[in-house]
Amino acid sequence: MTESRGSAGPNGGTNTRRSPGTPCWVSLMVHSLTTTEEFYGALFGWEFRPGPQQLGPYVRALLDGHEVAGIGRLPTDRPLSVAWTPYLASNDVNRTAETVRLCGGTVAVGPLDAADAGRMAIASDPSGAVFGIWQGGAHVGAAVTGVPGTLVWNELVTFDTASVVKFYATVFGYAQEPVVSAGLDYVTLRVDGRPVAGVHGMGNGLPRDRGPHWRTYFAVADTDAALHQVVGLGGQVLKPAHDSAHGRVATVADPEGARFSVIQSPR
């Protein structure tokens, strides 16, 4: 992670159109909407209302009336995994999807319209990490980020940064800022001078059961209290809480196994 997490700051964001490449939304596909709504509703204080149904039952999560994430039911005819997926902004999802293909990636779903909300596609980079592409219409993305219960950072966990950073830079126009450290392979991706996401090369340390993937970080007021809640709600703690330069962080899984991280800003 970098010192600046998310596209909005500590006071949250505004519902304005994002520059291409900016993470603008995060969505989760699950088997049971009811179980998942109960888990995240209790953990983050989310409420839910129906969203576009083009890919099946789908709800938008709201915090204090502001849209912050989406949750949908997995289609039975598509072998998609239960995982949080970031959506990266695009001014033209058709053109972006074609560039993904030309650069060695794969487009698995779409491009297709999500009612009047916008136009989307689901793709994967050459290493297999899945991400979404979003061209905003009536819905441009998360209305607030960076406060407890909302998205604060997205990080691609992969074998090495060199193999995929060029792909994302070509598709989305990112500027790149490598971390200068003998023991860390990390590149921060920037849009309009702002850090918006990270790429963490883990080499042989990459979990074999996961492969390259995008990791979602949600802000919490108290990491230790959040872990207690996760367990009580039927989730698991995968990596215990520890202090970092960016706050107290831990990695968990919800009842269906979707992994994410929670982070409490330094006091």
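## Close-up views of a predicted model

Asp243 counts as exposed, with a relative accessibility of 61% (exposed means over 50% relative accessible area, buried under 20%, and partly exposed in between, using a 1.4 Å probe and protein chains only). Before we zoom in, please note that this is a predicted model, in which local features need pLDDT of at least 70 and side-chain atom pairs count only at pLDDT 80 or more, while totals for chains, interfaces and linings use all residues. Residues are numbered from 1 along each chain as its sequence is written, and side-chain values use heavy atoms, with hydrogens and water left out.

**View 1. Arg248 forms salt bridges with Asp243 and Asp224.** A salt bridge here is a side-chain nitrogen of Lys or Arg within 4 Å of a carboxyl oxygen of Asp or Glu. The closest N and O atoms are 3.1 Å apart for Asp243 and Arg248, and 2.7 Å apart for Asp224 and Arg248. Asp224 belongs to helix H4 and Arg248 to strand E15, so this pair ties together parts that are 24 residues apart in sequence. Helices (H or I, at least four residues) and strands (E, at least two) are DSSP runs, numbered from the N terminus. Asp224 is partly exposed at 39%, and Arg248 is partly exposed at 22%.

**View 2. Arg49, Arg60 and Glu67 are linked in a network of salt bridges.** Look for Glu67 and Arg49, whose closest N and O atoms are 2.8 Å apart. Glu67 sits in strand E4 (residues 66–73) and Arg49 in strand E2 (residues 47–50), so the pair ties together parts 18 residues apart in sequence. Glu67 is buried, at 12% relative accessible area, whereas Arg49 is partly exposed, at 41%. The count for the model comes to 8 salt bridges.

**View 3. An open sheet is formed by 8 strands.** Their order is E10-E11-E12-E9-E13-E16-E15-E14, with mixed pairing. Two strands pair if DSSP finds at least two bridges between them. Strands E10 (175–178) and E14 (236–244) are the edges, each pairing on one side only. From one strand to the next, the twist averages 25°.

**View 4. Helices H1 and H4 lie across strands.** Helix H1 (residues 33–44) lies across E13 (213–219) and E16 (259–264), at about 10° to E16. Helix H4 (residues 223–232) lies across E14, E15 (247–253) and E16, at about 10° to E15. Axes are lines fitted to C-alpha atoms, for helices over the stretch in contact, and angles run from 0 to 180 degrees between N-to-C directions; contact means heavy atoms within 4.5 Å.
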